[in-house]
Amino acid sequence: MRYIDPPLALHNQGALELVAGRVLPGLFPPPPEMEERFLSLIRSCGSIPSGMLDWIS
């Protein structure tokens, strides 16, 4: 998660959820726990300036 774009990471996770049969095809927002998992990874391991972390949190 150091260099991957957060929306791309969510997109990739959505594809995995679809392939695993946990969601139906279509548009859907990510569950809050999935979004928080990615945000916590970005906060702890990412290369995003601290001012931007406040903006995306």
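Of the 57 residues of the protein, 16% count as buried, where buried means under 20% relative accessible area and exposed over 50%, with partly exposed in between (1.4 Å probe, protein chains only). The model is predicted: local features need pLDDT of at least 70, side-chain atom pairs count only at pLDDT 80 or more, and totals for chains, interfaces and linings use all residues. Residues are numbered from 1 along each chain as its sequence is written, and side-chain values use heavy atoms, with hydrogens and water left out.

**Fold**
- The protein has three helices and zero strands, in the order α-α-α from the N terminus; helices (H or I, at least four residues) and strands (E, at least two) are DSSP runs, numbered from the N terminus.
- Among contacts (heavy atoms within 4.5 Å) with a separation of 6 or more, 47% join residues 24 or more positions apart.

**Salt bridge**
- The whole structure holds one salt bridge, a term for a side-chain nitrogen of Lys or Arg within 4 Å of a carboxyl oxygen of Asp or Glu.
- Arg22 and Glu17 form this bridge through their side chains, at 2.8 Å from N to O.
- Arg22 is exposed, at 55% relative accessibility, whereas Glu17 is buried, with a relative accessible area of 13%.

**Largest pocket**
- A pocket is an open set of points on a 1 Å grid over the protein atoms alone, where a 1.4 Å probe fits, with protein on both sides within 12 Å along at least five of seven lines; lining residues have an atom within 4 Å of a point.
- Helix H1 (residues 6-19) gives the most to the lining of the largest pocket, with five residues.
- Residues of this lining include Leu10, His11, Phe28 and Met34.
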